[in-house]
Amino acid sequence: MHNGFSLQEAMDVLKDETNCAVFDEIRERLASGEPLPSFFHLYCPTRYCSYFEGFILYLPFLESLSISVKITDEETQRKKELAQGIVYPLLLLGGMFLGMWLFSLFILPRMVSLLRVFNSGVSQYETLASVMRILFPILLIALTLCMIACALALTPSRIASTYRLLSQTLPDSLLCQYASVEFVRFYIEFLRAGTSTIDAMGILKNMQGKPLTSLIASELDDMFMGGEAFVEAVDSHFIEKRLTKFLRIALYSSDCATMLEGYLEMASARTKAMIQRFSRIAQLISYSAVGIVLVIVYQILMAPMSILQNI
C-alpha cells in the first residue's frame, strides 16, 4: 500500500489458498458498508492487534498499521538479542553451580576415601566437600529464586508498581532505562507521523499492553494539562536523566525524531556493553571455579605419589 496500491489491489496481489477466505470476508464487510478501521483488527495477528486498536483511534489506517508492524518487529528482534545475550551466562552459572554440587556429592568423597587408604591427611578435603555440599545448592537456589522474582516482578500486572517503587528509590535503574527506551520508540513513530505531543501522550497513556510506556505518558500528560512547560515536564523521576537531556535538546532541534534516534542508538550500545560485561563476569566466575576444582583434584591424585616417594 505504500507503493500506491489500494487495499483491494493489495489483496488481489497477495491472495492465495491460505488467505483467500479471509480476504473474501473483508471484501464482504467493505461491500456492506462497514468502515475498514472498525473491523480490520479482527484479522490482525495478535502481536499487532493491541497496538493497532489504540493507534487507529487517532491515526489514519495505513499509518496505524505501519507503526504497529514496525514497532512489533523491532520489539521481537530486540527481545531475541537480549535473550541470546542473557540466557547463556545464566545457564553457565547455573550449570557450574549444579556441576560443583554433584562433584561434591559423588566424586570428591570417593577421592577422599582413596586418600584415607594411604593414611594421608584428609580432614581438609572432607571440610571442603562439606562446604561445597552446602554452598553450591544455596547458590543454585538463590540464582533460581532471583530469576523467578524478576519474572514475577516484571509481569504486566506488577511491572507498573515495581517501576514506581524503583523510580523513586533507584533513579536511572535498569528498569527505568528500559522504560525510557520503550517510550521513545513509540514517541518517535508519532513524531514521524506528524502527531502532536499532546495527542501522542493521549494515545500512549491508554496502551494497556505497555504499562511502563502508559505510566510515563500519563505522568507527562498530567503535567502538560497542569500547565507545566515541556522542559519542566520531562524532568520526571520516571524518565532516565539521559533521556531528559536529549528531550530538552530535541525541543530546539529542527528534526526531533533524528535527535531521539541518537538516544536509541546510545541505549542500544549501552545494553550490548552491559550484556557483554555480565557474560564475561559469569565466564570468569565459572572458569575460575572449574580451575580451582582441577587444582584440588590434581593435589588429591598426586598425594599418594608423594607418600610413596617418602617411604
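Is Lys70 buried, partly exposed or exposed, judged by its relative accessibility? Lys70 counts as partly exposed, because its relative accessibility is 34%. On this scale, buried means under 20% relative accessible area, exposed means over 50%, and partly exposed lies in between (1.4 Å probe, protein chains only).

A word on the ground rules. This is a predicted model, in which local features need pLDDT of at least 70 and side-chain atom pairs count only at pLDDT 80 or more, while totals for chains, interfaces and linings use all residues. Residues are numbered from 1 along each chain as its sequence is written, and side-chain values use heavy atoms, with hydrogens and water left out.

**The chain as a whole**

The protein chain has 13 helices and zero strands. These elements are DSSP runs numbered from the N terminus, with helices (H or I) of at least four residues and strands (E) of at least two. The C-alpha atoms fill a box of roughly 100 × 55 × 30 Å along the principal axes. The radius of gyration of the chain is 29 Å, whereas a compact globule of 311 residues would have one near 19 Å. That radius is taken over C-alpha atoms, and the globule rule is 2.2 Å times the number of residues to the power 0.38.

Of the 311 residues, 37% count as buried. The chain exposes about 17900 Å², and carbon and sulfur atoms supply 64% of that area. Accessible areas come from the Shrake-Rupley method with a 1.4 Å probe, and for residues only the protein chains shown count as cover. Among contacts between residues at least 6 apart in sequence, 57% join residues at least 24 apart; here a contact means heavy atoms within 4.5 Å.

As for charge, the chain carries 25 positive and 29 negative side chains, and the centres of the two sets lie 13 Å apart. Lys and Arg count as positive and Asp and Glu as negative, while His and the chain ends are not counted. Each charge is placed at NZ of Lys, CZ of Arg, CG of Asp or CD of Glu.

**Salt bridges**

Side chains of opposite charge can pair when their charged atoms come close. A salt bridge here is a side-chain nitrogen of Lys or Arg within 4 Å of a carboxyl oxygen of Asp or Glu. The whole structure holds 15 of them.

| Salt bridge | N to O distance |
|---|---|
| Lys70 and Glu189 | 3.3 Å |
| Glu182 and Lys210 | 3.3 Å |
| Lys205 and Asp221 | 2.7 Å |

Back to Lys70, then. Its salt bridge with Glu189 links distant parts of the chain: Lys70 is in helix H5 (residues 61-117) and Glu189 in helix H8 (residues 174-192), 119 residues apart.

The bridge between Lys205 and Asp221 joins the loop between H9 and H10 to helix H10, across 16 residues of sequence. Lys205 is partly exposed, with a relative accessible area of 29%, and Asp221 is buried, at 4%. Elsewhere, Asp12, Lys15, Asp24 and Arg27 are linked in a network of salt bridges.

Which residues touch Ser180, leaving aside its neighbours within four places in sequence? They are Ile216, Phe238, Ile239, Glu240, Leu243 and Tyr263. Ser180 lies in helix H8 and counts as buried because its relative accessibility is 0%. Tyr178 is in helix H8 too, yet it is partly exposed, with a relative accessible area of 36%.

In helix H4 (residues 46-55), Tyr48, Cys49, Tyr51, Phe52 and Phe55 are buried. Their cover includes H5, H8 and H9. Helix H5 also contains Gly95, which counts as partly exposed at 41% relative accessibility. Gly95 and Ile148 are 53 residues apart in sequence, with their C-alpha atoms 17 Å apart in space.
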